[in-house]
Amino acid sequence: MEKNRTDVTRCKGCGYCVAECPKQAISFGDHMNAKGYLTIVVDQEKCIRCGSCYRVCPDYVFEIL
Amino acid sequence: MKLKAPERVTFNKSGFCPGCGHGVAGRLIAEVAEEMGLADKLITTVDVACGSLHLEDWHFDTVMAAHGRTLVTAIGLKKVRKDNPVLAYYGDGAGYAIGMAETIHAGLRNDNVIAIVVNNAIYGMTGGQMAPTTLPGQKTTSSPYGKDAARFGKPFRIEDAYSGFDIGYLARGALVGAANINRAKKMIRKAFEKHMNNQGLCYVELLSPCPTNWNLAPLKAKDFLLDEMTKHFPLGEFKGGDAK
């Protein structure tokens, strides 16, 4: 079930969400976006929809469903 | 809990560096404006600096002011658009260096505008030079051996400068960490509410990391902000808050 939809074309790889996630559901993947930033992946199983990633993200990557 | 960034800030990709706080500040303003139903009426003024990149990534009626004159441009707009909320968005370079006169006189007159000031302790867009807000000992492009506080002064604190003035609201938040960001959003909301009640100058300073010019990785910049910057720039409400 999709809980956290990400638009990784916006991601700049700052890693704030990776550090903020209380369940360690976010990690850096191996996908590089058009701007050349290493982007994040969300483990939908671990996500608890707390919205911490949404709050700290400066580039509006996350949408909590 | 469903969360989606407001369309007003997401129609375009932002041009800020990775880890910059401006993106969060823009989102908080858009969220508060939409929650209060003021998004169509809000008029913003931006400065000539990194903050002006918001011209391309937020959908509000926006005036780009001359450098450092963001706050007075907003005051002028408020005088002719009395029913619209008017917000001045600028940085510490504009507020406390080139626009120091405007900052002080706006406080003296207690003009009814919202000021959102993003403080990153350096001049960001020009390449990271020493600013009045630079911390003692902080290495910048123009102070490679660290800022000498005896020679250049201590970091400028707005709550000290405004201590004798009777302004509507004065608070300082930080744009790192979910808890701080939630608190910053409440401060911005309070500023909007007081502004709509014509209570005078509503001033919110937001501490932002600048990983590019601090020469730190974004997460290290976050730690620097929380460990070092908050020693000189305490967070909280100084005037007009409910606590005092």
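Modeller: I would begin with α2(B), which is mostly covered, since 12 of its 14 residues are buried; buried means under 20% relative accessible area, exposed over 50%, and partly exposed in between, with a 1.4 Å probe and protein chains only. Helices (H or I, at least four residues) and strands (E, at least two) are DSSP runs numbered from the N terminus. Residues are numbered from 1 along each chain as its sequence is written, while chains are lettered from A and ligands numbered from 1 in the order in which they are written. This is a predicted model, in which local features need pLDDT of at least 70 and side-chain atom pairs count only at pLDDT 80 or more, whereas totals for chains, interfaces and linings use all residues, and side-chain values use heavy atoms, with hydrogens and water left out.

Biologist: Which residues of α2(B) are the buried ones?

Modeller: Among them are B:His22, B:Arg27 and B:Glu31, along with B:Val24, B:Leu28, B:Ile29 and B:Val32.

Biologist: And what does B:His22 touch?

Modeller: B:His22, which is found in helix α2 (residues 22–35) of chain B, is buried at a relative accessible area of 8%. Leaving aside neighbours within four places in sequence, B:His22 is in contact with B:Phe16, B:Cys50, B:Gly51, B:His54, B:Tyr89, B:Val118 and B:Ser208, where contact means heavy atoms within 4.5 Å.

Biologist: What comes after α2(B)?

Modeller: α2(B) is followed by B:Gly37, whose phi is positive, near 70°.

Biologist: Changing topic, where is there a kink in α11(B)?

Modeller: The kink is centred on B:Leu225 and amounts to about 35°, the bend at a residue being the angle between axes fitted to the seven residues ending there and the seven starting there.

Biologist: What do the buried residues of α11(B) pack against?

Modeller: Those buried residues are B:Pro218, B:Ala221, B:Lys222, B:Leu225 and B:Met229. They pack against α1 (16–20) of chain A, together with β5 (114–119), β8 (169–174), β9 (202–207) and α10 (211–214) of chain B.

Biologist: Now the pockets: what volume does the largest pocket have?

Modeller: The volume of the largest pocket is about 530 Å³. Of the 34 residues that line the largest pocket, B:Ala49, B:Cys50, B:Tyr123, B:Gly124 and B:Met125 are the closest to its centre. On a 1 Å grid over the protein atoms alone, a pocket is an open set of points with protein on both sides within 12 Å along at least five of seven lines, unlike a cavity, where a 1.4 Å probe fits but cannot get out, and lining residues have an atom within 4 Å of a point. Grid points are joined across faces, edges and corners, and a volume is the space filled by probe spheres set on the points.

Biologist: Which element gives the most to that lining?

Modeller: α5(B) gives the most, with 5 residues, and the lining as a whole divides into 19 nonpolar, 13 polar and 2 charged residues. Here Ala, Val, Leu, Ile, Met, Phe, Trp, Tyr, Cys and Pro count as nonpolar, Asp, Glu, Lys and Arg as charged, and the others, Gly among them, as polar.

Biologist: How much space lies in the second largest pocket?

Modeller: About 160 Å³ of space lies in the second largest pocket, and its lining has 4 nonpolar, 2 polar and 5 charged residues. The residues that line it come from both chains, including A:Arg5, A:Asp7, A:Tyr60, B:Lys4 and B:Thr10.

Biologist: Where is A:Tyr60 found, and is it buried or exposed?

Modeller: A:Tyr60 is found in the loop between α2 (52–56) and β4 of chain A, and is buried, with a relative accessible area of 7%. Phi of A:Tyr60 is near 55°, a positive value in a residue other than glycine.

Biologist: What about phi of B:Asn198?

Modeller: Phi of B:Asn198 is also positive, near 55°, but B:Asn198 lies in the loop between α9 and β9 of chain B and is exposed, with a relative accessible area of 55%.
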